[in-house]
Amino acid sequence: MDVASVSEAVSRLSQFILAHSGTLLLVSLGLLVCTLVLLPAIVARLPVDYFERPQAGPGDKSRTPLGVLLLVVRNVVGLVLVVLGLLMLFTPGQGLLTLFVGLMLMNYPGKHALERSLARREGVMTGLIWVRRKSGLPPLRPPAPRHQPA
C-alpha cells in the first residue's frame, strides 16, 4: 500500500464514522450493557483453580449430539465475545476482559497456553478477581509463573 491509498482509506473511515456516529454510539452502549450482563455470569462459573488445572481433552461427551451442539454454541458465543472485545478496545467497555472470556469459551489448539499467558497479565487477573468479588465468590488462583530458562 502506498501513502495515497492509506490516506484514502483513513478519509473514508472518518467519513463513515461521522455519518454513522449515532448508530456507532448505540452499538457501543449496547456492547457495554451486554458485557455488564454476560461477563459476570461467565466468570462466576469458572472454578477457583481454573488456571491450575491440567489441559483438558475433548472427552466423550463431545461425541454425543447434545455435546456437539453445546460445543458449537460455546464456540459461537466465544467468537461473538472475541469480536465484541476487539470492538470494545476502541469503544466503552471491558475490551480485554471480554476478549479473554471469549477466548476461554472457545476450543482451539494452544488455548491452554494462551489463557495462562493472558491471565499472568496483571490487568486481566485483577479484572477477573474484581468480577468474582462483586459476585461474592472467592478469587481465581493465578497461574504459576512461566519458567525462565537457566
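This is a predicted model: local features need pLDDT of at least 70, side-chain atom pairs count only at pLDDT 80 or more; totals for chains, interfaces and linings use all residues.
Two residues are in contact when heavy atoms of one lie within 4.5 Å of heavy atoms of the other. By that criterion, and leaving aside neighbours within four places in sequence, Lys 111 is in contact with Tyr 50, Arg 74, Leu 103, Met 104, Leu 105 and Met 106.

The overall layout comes next. The protein has six helices and zero strands, so the order of elements from the N terminus is simply α-α-α-α-α-α. Of its 150 residues, 27% are buried. Among contacts with a separation of 6 or more, 65% are between residues 24 or more positions apart. The accessible surface is about 10300 Å², and carbon and sulfur atoms account for 69% of that area.

In soluble globular proteins, nonpolar side chains tend to be buried together. Here the largest nonpolar core has 18 residues, and Phe 51, Phe 100 and Leu 128 have the most contacts inside it. Helix 2 (21-44), helix 4 (95-105) and helix 6 (122-134) each supply at least two residues of this core, with helix 4 giving the most, five residues. Phe 51 shows how such a residue is surrounded: beyond four places in sequence, its contacts include Phe 100, Met 104, Met 125, Leu 128 and Leu 140.

Side chains of opposite charge can pair when their charged atoms come close. Glu 115 forms a salt bridge with Lys 111, with the closest N and O atoms 3.8 Å apart. Both residues lie in helix 5, four residues apart, which is about one turn of the helix. Arg 116, also in helix 5, forms a salt bridge with Glu 115 at a closest N to O distance of 3.6 Å. Through shared partners, these salt bridges join Lys 111, Glu 115 and Arg 116 into one network.

Arg 116 is buried because its relative accessibility is 8%, under the 20% cut-off. Glu 115 is buried as well. A polar atom of the Lys 111 side chain lies 3.0 Å from the backbone oxygen of Met 106, and a polar atom of the Arg 116 side chain lies 3.2 Å from the backbone oxygen of Phe 51. Not counting residues up to four places away in sequence, Arg 116 touches Tyr 50, Phe 51, Glu 52, Arg 53 and Pro 143.

The structure holds five salt bridges. One of them pairs Asp 49 with Arg 53, with the closest N and O atoms 3.0 Å apart. Asp 49 is partly exposed at 24% relative accessible area, and Arg 53 is partly exposed at 42%.

Some nonpolar residues are found at the surface. Leu 66, Leu 69, Leu 70, Val 73 and Val 77 make a nonpolar surface patch of about 440 Å². Leu 66 lies in helix 3 (residues 65-88) and counts as exposed because its relative accessibility is 57%. Phe 90 is in the loop between helix 3 and helix 4, and is exposed with a relative accessible area of 73%. In space, Phe 90 is 9.3 Å from Ser 28, C-alpha to C-alpha, although the two are 62 residues apart in sequence.

Definitions and conventions: Residues are numbered from 1 along each chain as its sequence is written. Side-chain values use heavy atoms; hydrogens and water are left out. Buried means under 20% relative accessible area, exposed over 50%, partly exposed in between (1.4 Å probe, protein chains only). Accessible areas come from the Shrake-Rupley method with a 1.4 Å probe; for residues, only the protein chains shown count as cover. Patches are made of residues with over 30% relative accessible area and no salt bridge: like charges are joined within 9 Å, nonpolar side chains (Val, Leu, Ile, Met, Phe, Trp, Tyr) within 5 Å. A salt bridge is a side-chain nitrogen of Lys or Arg within 4 Å of a carboxyl oxygen of Asp or Glu. A nonpolar core is a set of buried Ala, Val, Leu, Ile, Met, Phe, Trp, Tyr and Cys residues joined through side-chain atoms within 4.5 Å. A polar contact is a pair of N or O atoms within 3.5 Å; within protein, one must be able to donate a hydrogen and the other to accept it, and residues adjacent in sequence count only if both atoms are side-chain atoms.
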